[in-house]
Protein chains: 2
Amino acid sequence: MTQQGYHVAIVGATGAVGEQLIDTLDRLDFPVASLLPLSSKRSAGKKIMFKGEEITVQEATAESFEGIQLALFSAGGSISQALAPEAVKRGAIVVDNTSAFRMDEDVPLVVPEVNEEDLKNHSGIIANPNCSTIQMVAALEPIKKAKGLKKIIVSTYQAVSGAGVKAIDEMYEQSQQIVEGKEINPQVLPVSGDKNHYQIAFNAIPQIDVFQENGYTFEELKMMNETKKIMHDNSLKVAATCVRLPVETGHSESVYIEVEQDGLDVPGIRQLLSEAPGITLQDDPSNQVYPLASAAKGKDDVFVGRIRRDLDEEKGFHLWIVADNLLKGAALNSVQIGFSLIKLGLLK
Amino acid sequence: MTQQGYHVAIVGATGAVGEQLIDTLDRLDFPVASLLPLSSKRSAGKKIMFKGEEITVQEATAESFEGIQLALFSAGGSISQALAPEAVKRGAIVVDNTSAFRMDEDVPLVVPEVNEEDLKNHSGIIANPNCSTIQMVAALEPIKKAKGLKKIIVSTYQAVSGAGVKAIDEMYEQSQQIVEGKEINPQVLPVSGDKNHYQIAFNAIPQIDVFQENGYTFEELKMMNETKKIMHDNSLKVAATCVRLPVETGHSESVYIEVEQDGLDVPGIRQLLSEAPGITLQDDPSNQVYPLASAAKGKDDVFVGRIRRDLDEEKGFHLWIVADNLLKGAALNSVQIGFSLIKLGLLK
């Protein structure tokens, strides 16, 4: 650390998450000595604002990382594959927001509230989990700690900003066209690189990321595998169904859990969550208080409500978990990993 | 039956479901000798079209049902409570689309593909199940018949038309206001008669119908209780989370099931569903073929896809079930009950 802080690079500085990364570093007063915004050749030359200063975005190359101490990547898996090792080679610690390295054995996959200690085993690259995973494990960890966790069945209600700026534009444009009775021409969602594109406005698409051989989407498998890795429990049963909605920002999740031990009830869960870091309890059915994506947008916390006991399973509970997928689901968690690295003396 | 058919009354003729009832009677050539559209005092005097003829909507009173043989009710629970017994007293069979009588012991709750035979035990009133229940039991019955059914965990993605015409208007109006950067003023959803109203456009609201003491909404309890009644299995475990989306028409459901017997696999489920009445299989992940609300609107069938085995439970499977909530979820099922009554010789 210099007197002023660290030399930080943002890879994918002009994307939806990149913008939030820059804003979050500023907003949370991360100790930044210098900020280097990097992007593809196409976006290089654009200007970004950081702490009132205009900085020109540069094309990301291997050499960009000379002198960089912390590199936050969010420019797609192939960019991370190519450049994260180059950044590490030059002495930077990488916090990667893509799925490129998440399941690698020597890459810690970290949600600071859950498994901050895993950072100590890093070999240069640290992975930021998938957005839909982060908010779920953050909300479930306090319950797991108290009573153990046996099983999770989750159905998601995911916002389009998880698919990038083009997906947001498509959603609003399509909504307007449908309201005006015009023809629509889907070209981005559900997956820009996949064969078919479907209407997202006024619809619900049960596909996020591409399909795998076993009939699950990659998004679903990410939730299932990452949850086990973050929670250090390969015997944890996790099943996910991931669905894209016409919501700009804010993922919602309908989560069923079975805990291991007896003696948990709804007031007990409320108590655990109200004391947990990064969690806001919003659970007062009689006053219609529950988390909403529209209210979570722009907020740092994970919001939990609709907590109720399963009427058939004594150890089964249902929850509704909502968070800003660009913040806790991406940028905020990455910056929090940066703070944890400092706290643990790992960022030099 | 007269030479031309039956004397049929529609209660709630000007509502979202009422319009579909009239259209469905016509489209499926239900034998109608005369059609009597009934409504509240406020809507009386409006005109509806049936088989190319204009008919004036009349105010529904006890006396309206003189000479009526089949009365299809869809005007809210309190209207059914007040007038369904009057219709029965005058010799009509009532098919009620509200929740007023669904759990009454002497009222059959019927999805013809599942429990048509229950009609034989009617005492004048037959209940049409809740929209979200109908499509789920229609899709699961063939699996239950083959392998038994132990447990259902469902999270819904429900369209606003289930909350009536005002909810549809609110959704489109709000969407336009948000796209244009204007202020919004929610007044209908999630529940018009409840205390608070929330943004539905570009959002997901985890409340349908009012909250009960146990933290579940009435919609969730309807799905749970009605499913057991229709499937004749009080030991069946059913848990529901019901969520309202900015979709005009077409409910989607993420459904996890556990079957009782061994030996079921995904091809087996596909085979069962492809042979089932009223079901269309849409399940080809490699070509991104799965049910979509936008494609189900205006269709009679229940669409099923995303069928996959749970990776932890040998007898666990996941499905994505979609149907037009105004058709199979309401009007179509009511008219199908009418046809079943004729087939079983119960409508005289």
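The model is predicted, so to speak of a local feature takes pLDDT of at least 70 and side-chain atom pairs count only at pLDDT 80 or more, while totals for chains, interfaces and linings use all residues. Residues are numbered from 1 along each chain as its sequence is written, chains are lettered from A and ligands numbered from 1 in the order in which they are written, and side-chain values use heavy atoms, with hydrogens and water left out.

## The contact between B and A

Start with the head count: 63 residues of chain B and 63 residues of chain A take part in the contact. Contact here means heavy atoms within 4.5 Å. Between them, the two chains bury about 5,300 Å², with 55% of it on carbon and sulfur atoms. That buried area is the accessible area (1.4 Å probe) that two parts lose on being put together, summed over both. On the chain B side, Phe202(B), Gln288(B) and Arg306(B) lose the most area to chain A, together 13% of what that side buries.

Chain B and chain A share 44 residue pairs in polar contact, both residues being at pLDDT 80 or more. A polar contact is a pair of N or O atoms within 3.5 Å; within protein, one must be able to donate a hydrogen and the other to accept it, and residues adjacent in sequence count only if both atoms are side-chain atoms.

Which pieces of chain B do the touching? Elements that each supply at least two residues include β9 (149–157), α5 (165–179), β11 (251–259) and β13 (302–309) of chain B. The largest share, six residues, comes from α5(B). Helices (H or I, at least four residues) and strands (E, at least two) are DSSP runs, numbered from the N terminus. By class, this side of chain B has 31 nonpolar, 19 polar and 13 charged residues.

## Strand β13(B)

Seven of the eight residues of β13(B) are buried, so this strand is largely enclosed by the rest of the structure. Buried means under 20% relative accessible area, exposed over 50%, and partly exposed in between (1.4 Å probe, protein chains only).

How does β13(B) pair with β12 (residues 279–281) of chain B, parallel or antiparallel? That pairing is parallel, over three bridges, and Val304(B) in β13(B) is the bridge partner of Leu281(B). With β14(B), by contrast, β13(B) pairs in the antiparallel sense over six bridges, and Phe303(B) stands opposite Val322(B) in β14(B). Two strands pair if DSSP finds at least two bridges between them. β13(B) and β14(B) form a hairpin, with six residues between them.

## Thr241(A)

Over in chain A, Thr241(A) lies in strand β10 (residues 237–241). Thr241(A) is buried, at a relative accessible area of 4%. The side chain of Thr241(A) makes a polar contact of 2.7 Å with the side chain of Arg308(B). Leaving out residues up to four places away in sequence, what Thr241(A) touches includes Ser254(B) and His318(B) as well as Val154(A) and Glu220(A).

## Salt bridges

A search of the whole structure turns up 50 salt bridges over all chains, and the count between chain B and chain A is twelve. The cut-off is a side-chain nitrogen of Lys or Arg within 4 Å of a carboxyl oxygen of Asp or Glu. Here are four of them.

| Pair | N to O distance |
|---|---|
| Glu313(B) and Lys237(A) | 3.1 Å |
| Lys222(A) and Glu219(A) | 3.2 Å |
| Asp209(B) and Lys222(B) | 3.1 Å |
| Arg270(B) and Asp283(B) | 2.8 Å |

Lys222(A) and Glu219(A) sit three residues apart in helix α6 (residues 218–230) of chain A, which means about one helical turn separates them. Lys222(A) and Glu219(A) are both buried.

In the salt bridge between Asp209(B) and Lys222(B), Asp209(B) lies in the loop between α5 and α6 of chain B and Lys222(B) in helix α6 of chain B, so the pair ties together parts 13 residues apart in sequence. Asp209(B) is partly exposed at 23% relative accessibility, whereas Lys222(B) is buried at 10%.

Arg270(B) also bridges to Asp283(B), linking helix α7 (residues 266–274) of chain B to the loop between β12 and α8 of chain B, 13 residues apart. Arg270(B) counts as partly exposed at 27% relative accessibility, and Asp283(B) as buried at 12%.

Finally, Glu63(A), Glu66(A), Glu86(A), Lys89(A) and Arg90(A) are linked in a network of salt bridges.

Technical notes:
Ala, Val, Leu, Ile, Met, Phe, Trp, Tyr, Cys and Pro count as nonpolar, Asp, Glu, Lys and Arg as charged, and the others, Gly among them, as polar.
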